[in-house]
Amino acid sequence: MRKNFFNIVLVAIASLALVSCNNAQKMIDGANLINWNCNPEVLEVVAGNINADVTVTFPADYFLPKAILEVTPVLVYEGGEVAGKPFMYQGEKITENYKTVSKANGATIKESVHFGYVPGMEKSQLVARAKVIYGAGEYPFPFDIKIADGANTTYMLVEKDGTFPFAPSGYQAIIPETAEAQIMYLINSADVRNSELKSADIKAWQEALKALENDERREIKGTEVIAYASPDGGVTLNDKLSANREKSASKALKKVAKKLNTGDVTTKASGQDWEGFQALVNASNIEDKELILRVLSMYSDPTVREREIKNMSAVYSTLAKNVLPQLRRARFVTNVEFTNYTVEELAQLVESNIDVLDEPALLEAAANAKDNAAKLAIYKQAIKKFNSDKARVNSAVVYLQEGKDSDAKSVIASADKNCPYVKNLNGVIALRAGKIVEASECFEAAGDFAAAKQNLAVIDILQGRYNDAAKKLAGTKSCNETLAFILTNQLDKASASIKGTCPKCSYKKAIIAARQGKVAEAKAAIEAASKNADLAARAEKDVEFIKVR
């Protein structure tokens, strides 16, 4: 009896196993009925991560009430694979805490997958590995189910060396100068007194014009005669007085400038000299000075100004004695252009007489030096002689161009920390070191500094804020501008922004063409980009070109 009972049990177990196997096999055989949809269709790496939404649709009559389906998303790539968290589904008669799929109606269920990027994943596939759990048995699908291709790494084309302009030298090839004198008038008078024509001011002006005749670097461009009236006595009176002084001053100029080169002479009657009045008051120690200046800022009408100031009876007598007489005048202003040292002359002076060069001249000489070693030597002189922060900044730029980040950091360590050039440079050094948070803080602190704004866009790209990057880079005509337009799928703008013909430019052209479905154009651009070995290797794996190969 025991033997018979044992045999009956074995038969029952075998029958149950056979039923389980047959039911599981039905679900395996019907795998092609399951619909898998991935968003995005091609996986994309964003800020070092691959995230996607997978929508699984089970049709009616597929899922068995007593079955469990375990689906593991796996990213398979060159050099390895990584499994995500399994999706668990159950039939209606299973009491586990999984997502239930009705046999009669099926179900559509949305899942999320996440993988951290590692090199090699740029050529990969997202697959589902499934097994049916039925009764006591587990029945793996003997095949992987492809969900999506991956992974797009186009954002990694971002240029991360940073943007770091030289500080301007401030050097002027032509420097405007003036030689000036003035003649003074008595109150309500337009007559030029003989004493004014012989004043020390006029004599100094005459000597200056004589000296200019033999100065090869200075050229007289013309002389202005500008006549004024003090702002008292009314607008009408002073306009007429200023016009009469213009006439008398013009005649006086001809007398004192006889045989002197003044260039072309122009004349002007400026009326009441409120600008000069404000300057004299501002430079004085007059009581109620701030009140007077406030009146000038509050009122633009000259009549109101004059009335309000005269109402300050205590101070007006001081103004009438010490300020107003200085405004009854005509000025002779001779405009001169000084031609500064040429590039060649600067180079000669660096070698023969560097001490005669001021800070802007040294910076300009360095900017035009023949090589980086010469630039750095001149910047060193500017730092030593003038404690020049501009020279420190520009030295750091040279070091960064050479990839000597530590030297760059060292040379700006003693520069003004509030200088936007310095803040930007510190940000670039941090960016190159992979210190994204520190770099971002430096660039933000630089305010509206254009280079810092471009560098912030690099961080935007690295962190997946492509729209922000595109806004910051618009109009910069940079490689990163083109990339930002590609990443935001503004392909026409991206194409228009490419100006160069280098392999990197060609690679971006290939991406644009591939996205636009221009296969022949994309292939030609890939061929041009493949002159660079690294880009050639990248193109072989780049999912941007799946439809081009």
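I looked up Phe-545 and found it buried, with a relative accessible area of 1%. Buried means under 20% relative accessible area, with a 1.4 Å probe and protein chains only. This is a predicted model, where local features need pLDDT of at least 70, side-chain atom pairs count only at pLDDT 80 or more, and totals for chains, interfaces and linings use all residues. Residues are numbered from 1 along each chain as its sequence is written, and side-chain values use heavy atoms, leaving out hydrogens and water.

Next, I checked aromatic pairs. Rings of Phe, Tyr and Trp (its six-membered ring) pair if their centres lie within 6.5 Å; planes under 30 degrees apart are stacked, over 60 edge-to-face, the rest tilted. I found 9 aromatic pairs in the structure. The planes of Phe-58 and Tyr-62 are at 15° and the ring centres 6.1 Å apart, so I noted this pair as stacked. Phe-58 is buried at 2% relative accessible area, and Tyr-62 is buried at 5%. Tyr-507 and Phe-545 pair edge-to-face, with 5.6 Å centre to centre and 70° between the planes. Tyr-507 is also buried, at 1%.

Which residues form one aromatic cluster? I listed Phe-58, Tyr-62, Phe-63 and Tyr-89.

Then I turned to charges over rings. The rule is NZ of Lys or CZ of Arg within 6 Å of the ring centre and within 35 degrees of the ring normal. I found Arg-305 over the face of Trp-274, at 5.2 Å from the ring centre. I also found the charged end of Arg-329 over the ring of Tyr-228, 4.5 Å from its centre.

Key
Buried < 20%, exposed > 50% of the residue type's maximum accessible area, 1.4 Å probe, protein only.
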